[in-house]
Amino acid sequence: TGPVWTKLAATASAGSATLVVRGDVSEWPQGAEVGVSSTEYPQPPDLTETEVRKLVNAPSYDAATNTTTLELDSALGYRHFSGDVGSGDGHWPLARLAASVALLAGRSNIAFRTARFEDVHGGGIVIGGSEDGAWSGSANFTDVEFISLGKFYYQAPALYFLMLGKSVGREPASRVERCLFSFSQSGAIEAKGASSLQIVNNVFHRTYRTAVWITKESVPYSISVRANLALETLRHPRESTAWVRHFASFLLEVPPLYLSGNVAAGSTDTGFVLRPVLEDCNAGGTSASALEEEELNEAVGCLTGFFLLRACKDLCNSCAVLHGAAAWKSSHAGVITADQSANIRMHAVMLSDNHIGVSLGFHRSAGDLLHRVIGRNITVFGSTDASTCSASIDCRALGQTDKVGETCNSVIGSAFRRVGIL
């Protein structure tokens with residue numbers, strides 16, 4: 001019943017074998033594995049500073065500070081940051097940045113796993129609906145481990161919600177909550193033609209391709225993705241390098257019903273690829289209420305933090321909205337859109353320690369200069385205490401001849417370490 005993931009309360013230095021985390025996680029069992037997220041640039045195609053260790057003793061909770069101390073079986077190889085950054089005089093008086101820490105294998109009595117861990121043609125679970133709509137399935141998974149599932153060569157996910165034809169939008173509600181997906185061979189959860197699906201408070205660890213993929217065949221404004229942690233998302237080794245195809249920790253090709261409180265930590269491509277919600281533009285304000293820290297969607301240690309897909313099929317004057325986002329330590333950019341057909345409105349966005357904070361590109365008719373970017377409650381930091389002089393120096397970005405992002409291919413290149421708005 002306790003938390004399945006939390007965040008560091010203090011920076012864990014390289015060489016330390018102790019973590020101090022927020023909240024009470026004293027129920028995490030001795031001997032269990034924990035994952036600690038990267039807080040530095042990724043090294044595509046398959047390297048981040050994510051680390052996994054075992055707990056050598058029972059966790060010790062301190063009620064006075066509301067923190068728990070975790071003792072690890074071996075020292076950390078990298079620095080994992082936690083701290084407040086900023087000057088204290090902006091919209092974000094003190095922005096709190098911190099690595100995430102997750103409880104991994106050994107926390108559940110129910111597990112689906114590939115019989116041989118080294119076998120890349122693993123098992124998979126499909127929740128389906130028939131082409132004629134005569135039947136459609138649903139499932140509720142709570143506190144279940146999915147270990148090394150999915151089919152590497154077929155690029156099939158561990159858990160597949162597949163609704164066909166007349167079953168699209170008619171299936172009963174499904175829910176995946178507090179589950180662990182670890183070493184997924186080719187995606188963890190994929191939903192095609194789905195609706196009435198809730199994906200809540202899960203941990204995705206070391207996933208090839210995408211932790212959560214909601215495809216364009218799914219029903220817009222019907223799926224909730226809340227409070228999930230994607231801990232290390234890697235390029236699939238068989239992905240083509242002939243062209244660029246998006247992958248991300250969270251890839252949503254239709255606007256969701258709810259998207260909040262998710263963390264994409266350590267992706268060798270993008271944290272969030274989103275089909276943005278469209279709203280009437282309103283430069284004077286927004287009816288949205290103020291957000292708490294845990295309601296923000298956060299990308300840290302990714303190539304790109306947030307990529308906004310084209311919002312309208314044709315050109316339109318509505319606003320594609322990015323609301324409640326934090327991106328830091330992006331080796332390319334915190335927020336990007338390209339060939340965007342709508343206006344952009346960003347609200348409650350915090351960007352820190354990225355190579356480029358915001359880079360926006362538009363597709364408009366010749367001579368049309370009426371597109372707008374509307375911002376409210378946006379903070380862009382350059383280098384903060386989250387950065388050192390010895391790490392995350394060189395950017396990583398996709399280029400014309402580098403479809404993986406192994407080198408610095410940004411338009412800025414190595415001329416500047418940080419650029420706020422491009």
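In this predicted model, strand E29 pairs with strand E31 (residues 356-362) over five bridges, in the parallel sense. Within this pairing, Ile 336 has Ser 359 of E31 as its bridge partner. E29 also runs parallel to strand E27 (residues 297-308), and four bridges join the two. Strand E29 spans residues 333-340, and six of its eight residues are buried, so the strand is largely enclosed by the rest of the structure.

Aromatic contacts come next. The structure holds nine aromatic pairs. In one of them, the ring centres of Phe 152 and Tyr 208 lie 5.9 Å apart and the planes stand at 65°; the pair is therefore edge-to-face, since planes over 60 degrees apart fall in that class. Phe 152 sits in the loop between strand E13 (144-147) and strand E14 (159-163), and Tyr 208 belongs to strand E19 (residues 203-208), so the contact ties together parts 56 residues apart in sequence. Phe 152 counts as buried, at 10% relative accessibility. Tyr 208 is partly exposed, at 23%. Ring pairs also link Phe 112, Phe 141, Phe 146, Phe 181 and Phe 204 into a cluster.

The count of salt bridges comes to 13. Among them is the bridge between Asp 84 and Arg 96, with an N to O distance of 3.1 Å. Asp 84 is in strand E7 (residues 82-85) and Arg 96 in strand E8 (residues 95-98), so this bridge ties together parts 12 residues apart in sequence. Both side chains belong to partly exposed residues: Asp 84 has 36% relative accessibility, and Arg 96 has 45%.

A further salt bridge joins Glu 145 to Arg 113, at 3.9 Å from N to O. Glu 145 lies in strand E13 and Arg 113 in strand E10 (residues 110-113), so the pair ties together parts 32 residues apart in sequence. Glu 145 counts as buried, at 2% relative accessibility, whereas Arg 113 counts as exposed, at 51%. Glu 177 and Arg 175 form another salt bridge, with the closest N and O atoms 2.7 Å apart. Arg 175 is partly exposed, with a relative accessible area of 24%.

On the surface, Tyr 221, Leu 257, Tyr 258 and Leu 278 form a nonpolar patch. Together these residues present about 390 Å² of accessible area. Leu 257 is placed in the loop between strand E23 (248-252) and strand E24 (258-260). Leu 257 is partly exposed, with a relative accessible area of 44%.

Key:
Residues are numbered from 1 along each chain as its sequence is written. This is a predicted model: local features need pLDDT of at least 70, side-chain atom pairs count only at pLDDT 80 or more; totals for chains, interfaces and linings use all residues. Side-chain values use heavy atoms; hydrogens and water are left out. Patches are made of residues with over 30% relative accessible area and no salt bridge: like charges are joined within 9 Å, nonpolar side chains (Val, Leu, Ile, Met, Phe, Trp, Tyr) within 5 Å. Accessible areas come from the Shrake-Rupley method with a 1.4 Å probe; for residues, only the protein chains shown count as cover. A salt bridge is a side-chain nitrogen of Lys or Arg within 4 Å of a carboxyl oxygen of Asp or Glu. Buried means under 20% relative accessible area, exposed over 50%, partly exposed in between (1.4 Å probe, protein chains only). Two strands pair if DSSP finds at least two bridges between them. Rings of Phe, Tyr and Trp (its six-membered ring) pair if their centres lie within 6.5 Å; planes under 30 degrees apart count as stacked, over 60 as edge-to-face and the rest as tilted.
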